[in-house]
Amino acid sequence: MAASPTPRPNPPDSSGNPAAAALAGLQLPLPLAVAYSGGADSTVLLLAAAQRWPGQVHAIHVHHGLQEAADAFEEHCRAVCEQFGVPLHVRRVSARNAPGESPEDAARNARYHALARAARDAGLQAVLLGQHADDQVETLLLALSRGAGLPGLAAMPPVFQREGMVFVRPLLALPGRAIREWIAQQGIAAIDDPTNADTSFTRNRIRHLLLPALQEAFPQYRETFARSARHAAQAQELLEGVAAEDLARMGGIPAITALQMLPRARQGNVLRHWLRTAHASSASAAQLEELLDQVADCTTRGHRIRIKVGHGFVERQGERLHYVP
């Protein structure tokens, strides 16, 4: 943990906090929480939120147990919250990845589950997240590296719900450099997680190798990439609406004859929507192509369909497709 000077007993003047402007126009349900890792991003967000909504802000720290310094991270967060008079809730999680799951995905899923549950248990109405403009670019580039479709290219939404809790990312237009510079100027202690320098993780390679090159070649890349992500999000929202209408006309369960009457791209769109919304599952590009081929070939009653998708199978049962876990 890289420690700057001991935190001050009172939050610094929020007029200089780069997160303050991002929160100024927000009308959010209160009380709320800040997901507080102890790093610079969540620290500026916590301080700005505590001054924006006095007495209405809590902090939630998720202890992942993935590195030796995790206990020290927790103690740091306790000290800062005590100094600034912010209630702190700590949740310990097991973030070990399952077979076929990346460590990053496992940690993220465990973190969101813990944040949502801690907020609900404390009677809080929303959780603020500290991801900023650089994080948004990293997410978009990571999606491109994986050949993602529109949902991935839309990157991180500013507002979303998960496990019944509202999550808000108010700093997505704020460059990470502005955050780091302000917190250093203020002499506020913040955690420097050593894993952020580990370039064995794809996101860290993007951060340390690609972003500096983008800054040199395209200084406005944060704004232009964010605009592309918004365009992708708008297009995805439109596709979701079309898929919901198509599926509703089929009675909520894909009907083979009705699917065959749609263009192939529209068939894929409704099947992805059905798998995600009805079964919390998703098909790989190869699985979806195979499923679409089988739907096209399904011209007789005896044509059998059984394709592995996610943790289950898509099967033909009569004239409809069903998902069997």
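Mentor: The general idea is that a nonpolar core is a set of buried Ala, Val, Leu, Ile, Met, Phe, Trp, Tyr and Cys residues joined through side-chain atoms within 4.5 Å. Keep in mind that this is a predicted model.

Trainee: Which residues touch the most other members of the largest nonpolar core?

Mentor: Leu46, Trp53 and Leu128 do so, in a core that has 34 residues. Helix H2 (40-52) is among the elements that give two or more residues to this core, as are strand S2 (57-63) and helix H7 (176-186), and the largest share, 8 residues, comes from H2.

Trainee: What does Trp53 touch, not counting residues up to four places away in sequence?

Mentor: Trp53 touches Leu23, Leu26, Leu28, Leu30 and Leu32, together with Leu128.

Trainee: In what order do the 3 strands of the open sheet lie?

Mentor: For a sheet, one reads pairing, and two strands pair if DSSP finds at least two bridges between them. Here the order is S7-S8-S9, with antiparallel pairing, and the edge strands, S7 (306-309) and S9 (320-324), each pair on one side only. The twist from one strand to the next averages 25°. S7 is joined to S8 (residues 312-317) by 4 bridges, and Arg306 stands opposite Glu315 in S8.

Trainee: Which strands does helix H11 touch where it packs on the sheet?

Mentor: Helix H11 (residues 264-279) touches S7, S8 and S9, and its direction makes about 40° with that of S9. Helix H12 (residues 285-297) also packs on the sheet, touching S7, S8 and S9, while its direction makes about 160° with that of S7.

Methods
Residues are numbered from 1 along each chain as its sequence is written. This is a predicted model: local features need pLDDT of at least 70, side-chain atom pairs count only at pLDDT 80 or more; totals for chains, interfaces and linings use all residues. Side-chain values use heavy atoms; hydrogens and water are left out. Axes are lines fitted to C-alpha atoms, for helices over the stretch in contact, and angles run from 0 to 180 degrees between N-to-C directions. Contact means heavy atoms within 4.5 Å. Buried means under 20% relative accessible area, exposed over 50%, partly exposed in between (1.4 Å probe, protein chains only).
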